[in-house]
Amino acid sequence: MNILLIVPPVRKDKEPNRFPLGLGYVAANLRNMPNISVRILDLNLARPSDDGRALIMATVNDEIDLVLTGGMLTVFQSISSITDMVKACRPDLPVWVGGSMAAVMKEVILGNSAIDGLLAGEAEYTLPAFVSYLKGDLAGEDVPGLSILRDGRLIQGPVPDRIRSLDELPMPAYDLFDTAAYSKGQADIIASRGCPFKCKFCYRNFGNLTIKRSVDNVLAEMVYLHKHYGVTTFKLEDEIFTINRKYIKEFCKRIQEELPGVRWMTYGRVDTISDGLLQTLKAGGCYGLMMGFEWMDNDILEDMGKQITVEQCDTAARLMLKHEMKIYPGFIIGAPGETIDSVKAVESFCLRHNICINEWQYAFLTAYPGTELYKNLIRDGKIEDEYKYLIALCAQGDTKNLLNNLSTFPDNDLRDLRDSVVENITNYFKKRD
């Protein structure tokens with residue numbers, strides 16, 4: 001079986017700089033299966049002016065048996081367009097989609113595109129059964145994560161189990177992609193999957209069970225990227241890295257032994273930050289943490305399920321400033337209960353803790369399908385047409401642009417509030433420097 005993996009373009013207004021980890025894992029898993037050949041068509045890296053039509057026509061030939069692609073829900077329109085172009089070349093060629101978009105809005109996606117089916121869950125677990133289904137050896141209802149439309153009716157397989165031993169998985173197939181074009185001295189990796197917290201606005205790709213790779217396994221990938229692609233800066237894309245102190249101590253010790261001089265950053269959580277943790281991270285080469293402060297209002301934080309307080313945010317930021325640890329902040333605007341005071345509190349917090357922010361770092365609250373926030377909007381009748389909402393979500397692009405406004409401020413006023421805070425903070429640091 002000859003399988004073509006297509007990487008869809010993302011964030012077309014920016015230079016591609018993030019290796020497609022999800023499809024990298026898919027490629028690695030597929031080529032370890034018997035009688036399967038894998039080819040890559042990376043439209044994100046190519047950025048063709050015709051959205052890939054010529055490249056698809058040149059690549060999709062009679063030898064290809066299956067096209068796989070995937071990504072976040074916000075690339076639905078791009079993937080739908082890619083599917084149409086594939087079908088124009090080979091109407092009989094099946095196109096299947098995975099990634100986080102395959103787990104939500106299934107009837108909407110399949111009913112409004114030429115996509116043949118969706119495969120949700122961790123691909124390393126679902127692909128063997130899926131290949132058996134393609135060969136006719138297994139019914140669709142028996143394939144974990146599978147979703148298809150049959151005579152207008154949604155057919156689904158069982159909910160996929162989680163993979164408990166991530167160390168058994170091959171690392172992404174970096175050699176099949178133009179990894180050097182993506183890396184340019186830096187790379188993203190994932191040391192764990194899952195997040196135990198249940199923020200109402202956050203879509204968790206892997207659910208609430210956190211499963212970690214061993215330190216040995218993570219470092220082997222980092223050493224490989226350092227040796228073969230000259231990577232000296234890493235971003236650990238874990239949803240929450242700073243929760244396991246024992247793991248952090250071992251990781252920081254080992255990375256200095258095996259990759260001295262390498263720098264890295266990751267995601268933190270304010271109620272895990274302490275003097276001791278920051279000392280360990282700093283000694284291990286960590287230079288910064290992405291911190292989801294979100295709101296400077298305890299009522300909103302509680303309502304959104306963050307399970308943190310403004311006081312904890314203050315403590316974490318103060319300690320990071322003390323240890324000269326770079327803060328990559330995440331703030332959100334537009335929640336129910338948002339006030340002038342809660343917005344101004346974000347500005348005050350940033351000035352107090354020497355944090356400069358941009359539009360992306362002070363994002364608009366967005367209801368993503370699969371989140372509790374989205375389900376509540378559906379329940380309350382605030383989203384009536386899910387397909388129209390999906391198209392609007394794709395058009396929004398990044399959360400620096402407004403889609404949902406759950407505050408009492410008019411849309412333009414909310415935009416002006418956010419922009420004024422960003423501008424005030426930016427001007428303050430410009431004058432100071």
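Which residue in strand 7 is the bridge partner of arginine 150? Please also describe the sheet to which this strand belongs and what surrounds it.

Analyst: The bridge partner of arginine 150 in strand 7 is arginine 153. The model is a predicted one, in which local features need pLDDT of at least 70 and side-chain atom pairs count only at pLDDT 80 or more, whereas totals for chains, interfaces and linings use all residues. Residues are numbered from 1 along each chain as its sequence is written, and side-chain values use heavy atoms, with hydrogens and water left out.

Helices (H or I, at least four residues) and strands (E, at least two) are DSSP runs, numbered from the N terminus. Two strands are said to pair if DSSP finds at least two bridges between them. Strand 6 and strand 7 are paired over four bridges in the antiparallel sense. In general, strands of a sheet pair through backbone hydrogen bonds, either parallel or antiparallel.

The sheet is open and consists of seven strands in the order 2-1-3-4-5-6-7, with mixed pairing. Its edges are formed by strand 2 (37-42) and strand 7 (153-156); each has a single partner strand, so one side of each is left without a neighbour in the sheet. On average, neighbouring strands of this sheet are turned by 25° against each other, direction ignored.

Axes are lines fitted to C-alpha atoms, for helices over the stretch in contact, and angles run from 0 to 180 degrees between N-to-C directions. Contact means heavy atoms within 4.5 Å. Helix 1 lies across strand 1 (2-7), strand 2 and strand 3, and runs at about 170° to strand 1. Helix 4 (residues 76-89) packs on the sheet and touches strand 1, strand 3 and strand 4; its direction makes about 160° with that of strand 4.

Helix 6 (residues 123-134) has buried residues (under 20% relative accessible area; exposed is over 50% and partly exposed in between, with a 1.4 Å probe and protein chains only), among them Leu127, Phe130 and Val131. The cover over the buried residues of helix 6 includes helix 1 (21-31), strand 3 (66-70), strand 4 (95-98), strand 5 (117-119) and strand 6 (146-150). After helix 6 comes glycine 136, with a positive phi near 85°.

Methionine 105 is not a glycine, yet its phi is positive, at about 50°. Methionine 105 is located in the loop between strand 4 and helix 5 (106-111), and at 10% relative accessibility it counts as buried.
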